[in-house]
Amino acid sequence: MSTRRPHPEDRGLAAVARVRSVRETDSRIGLTQVLAEEAAMTARLTTLQNQLTAAPVVDLTTPGELIAHRTALTHLGSLIQETRADVATAAMVSAEARARWISDRARLAAVEHLLEQRAAGRRTEARRKADREADDLAAQRWSRAHGGVA
């Protein structure tokens, strides 16, 4: 969005463009935050899965050690399941945030395009007016130069 003053006929549309710009910025910032959270959860899931993969299979001598090892692995498995659910939720939230941002960006682009079309139309009309005036001046000069014969 341009920082110059809008044409008086476009003040309302320029206000709409400013609001849409703020919404687009907010949704882009929200998307960035959600994507960062999703990446952090995915990294946590990877870490937990690596811990499970790297869990030692040791010869345990006592039933207490066996129960403690099994309990630790069960707890790790539960954490992995919870984290997978969190990653899936984060992916859905990211998809929604991306859709919102795309929608906000498209709405902003539509308003900006309309403002550009209006400005181009005014420039075209101003150019036509200037061309008509130039033609009139040229016709008057020609008429004066040729003794007023039209």
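Predicted model: local features only at pLDDT ≥ 70, side-chain atom pairs only at ≥ 80, totals over all residues.

Arg128 and Glu125 are three residues apart in helix α2, so about one helical turn separates them. Helices here are DSSP runs (H or I, at least four residues; strands are E, at least two), numbered from the N terminus. The side chains of Arg128 and Glu125 form a salt bridge at 4.0 Å, N to O; the term requires a side-chain nitrogen of Lys or Arg within 4 Å of a carboxyl oxygen of Asp or Glu. Glu125 also meets Arg132 in a salt bridge, at 3.7 Å.

Residues are numbered from 1 along each chain as its sequence is written, and side-chain values use heavy atoms, with hydrogens and water left out.

How many salt bridges are there by this rule? The count comes to seven. One of them joins Arg118 and Asp10 at 2.9 Å, N to O. This pair links distant parts of the chain, 108 residues apart: Arg118 is in helix α2, and Asp10 is in the segment before α1. Is Asp10 buried or exposed? Asp10 counts as buried, at 3% relative accessibility, whereas Arg118 is partly exposed at 36%. Buried means under 20% relative accessible area, exposed over 50%, and partly exposed in between (1.4 Å probe, protein chains only). Glu9, Asp10, Arg118 and Arg122 are linked in a network of salt bridges.
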